[in-house]
Amino acid sequence: MPPQHLMRSAKELLHVVESLHAMPFPQQEEKTAHRRGGRGYHVAVLVESQDFWEDRGSEVVEEAEESIAAGLTGLAVLLTERWGAPETVDLGPYLGFDNPDPDFQAPEPMGFLCGLADSMQVWRPAASDRWIALAIGQADPEWPLQLLASFGEGSALPG
């Protein structure tokens, strides 16, 4: 399901999150333009801004940032009503800069997410063995901003 460009309501986004939360994890790595998954995880782009190749003006970027942030805030309110307050998880350690092991590779989906975002908001539904996270990511300044939803097995995220 491709992301919408800044046009989904929080309730529509919640429906997408619920669908993805119920989806089984793939047994091998799968990747499409707007969703990826593997053993024990899913990552999906819920909302995506325009790209900034042609116009990186501050007004255009600010409008996109505000719209994506509003999508995250609206969805976070609904998830918090359902599962309580989220915790903030810093994705910086998953970059491996402070890891003495030169072959360090972060577990997925954190390995993917740390290349796009600094942190994520995580909910751990009591009736589930999965966690759910939201983050705003951007691969490069010219690329679109994205509201990302991530799902993983409880054991994949320390805490």
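Colleague: Why is glutamate 87 called partly exposed?

Modeller: In this predicted model, the relative accessibility of glutamate 87 is 31%. Buried requires a value under 20% and exposed a value over 50%, so at 31% glutamate 87 counts as partly exposed.

Colleague: What makes the pair of glutamate 87 and arginine 124 a salt bridge?

Modeller: The closest N and O atoms of the two residues are 2.7 Å apart. The criterion is a side-chain nitrogen of Lys or Arg within 4 Å of a carboxyl oxygen of Asp or Glu, and therefore the pair qualifies. The bridge links distant parts of the chain, with glutamate 87 in strand E4 and arginine 124 in the loop between strand E5 (119-123) and E6, 37 residues apart. Arginine 124 has a relative accessible area of 30%, which means that this partner, too, is partly exposed.

Colleague: Why is no salt bridge assigned to arginine 130?

Modeller: The nearest side chain of opposite charge, that of aspartate 129, is 4.6 Å away. A salt bridge needs the atoms within 4 Å, and therefore arginine 130 has none, although the residue is buried. Arginine 130 lies in strand E6 (residues 130-137). A polar atom of its side chain is 2.9 Å from the backbone oxygen of methionine 23. Beyond four places in sequence, arginine 130 touches a set of residues that includes Leu20, Met23, His42, Arg124 and Glu153.

Colleague: Why is lysine 11 called exposed?

Modeller: The relative accessibility of lysine 11 is 66%, and the threshold for exposed is over 50%, so the residue counts as exposed. Lysine 11 sits in helix H1 (residues 10-22). Its C-alpha is 7.8 Å from that of leucine 78, a residue 67 places away in sequence.

Colleague: Is alanine 85 buried or exposed, and how do you know?

Modeller: Alanine 85 has a relative accessible area of 67%, which is over 50%, and therefore the residue is exposed. Its place is the loop between helix H2 (58-83) and strand E4 (87-90). Apart from neighbours within four places in sequence, alanine 85 is in contact with Thr80 and Trp123.

Colleague: What makes tryptophan 123 a buried residue?

Modeller: Tryptophan 123 has a relative accessibility of 1%; the limit for buried is under 20%, so the residue counts as buried. Tryptophan 123 lies in strand E5, and its contacts beyond four places in sequence include Leu79, Trp83, Ala85, Trp131 and Leu134.

Colleague: How do you know that the side chains of tryptophan 123 and threonine 80 make a polar contact?

Modeller: The distance is 3.3 Å. A polar contact needs a donor and an acceptor among N or O atoms within 3.5 Å, and therefore this pair is counted.

Colleague: Why is glutamate 48 called buried, and with which side chain does glutamate 48 make a polar contact?

Modeller: The relative accessibility of glutamate 48, a residue of strand E3, is 11%, which is under 20%, so the residue counts as buried. Its side chain makes a polar contact of 2.8 Å with the side chain of glutamine 146.

Colleague: What is the volume of the largest pocket, and which residues are closest to its centre?

Modeller: The volume of the largest pocket is about 280 Å³. Among its 17 lining residues, Ala33, Val45, Phe112, Leu116 and Gln146 are the closest to the centre. Strands E2 (35-38), E3 (41-48) and E7 (146-153) each supply at least two lining residues, and the largest share, four residues, comes from E3.

Notes: Residues numbered from 1 in each chain as written. Predicted model: local features only at pLDDT ≥ 70, side-chain atom pairs only at ≥ 80, totals over all residues. Heavy atoms only, no water. Buried < 20%, exposed > 50% of the residue type's maximum accessible area, 1.4 Å probe, protein only. Lys, Arg positive; Asp, Glu negative; His and termini not counted. Contact = heavy atoms within 4.5 Å. 1 Å grid on protein atoms, 1.4 Å probe; cavity = no way out; pocket = protein on both sides within 12 Å on 5 of 7 lines; lining within 4 Å. Points joined across faces, edges and corners; volume = space filled by probe spheres on them.
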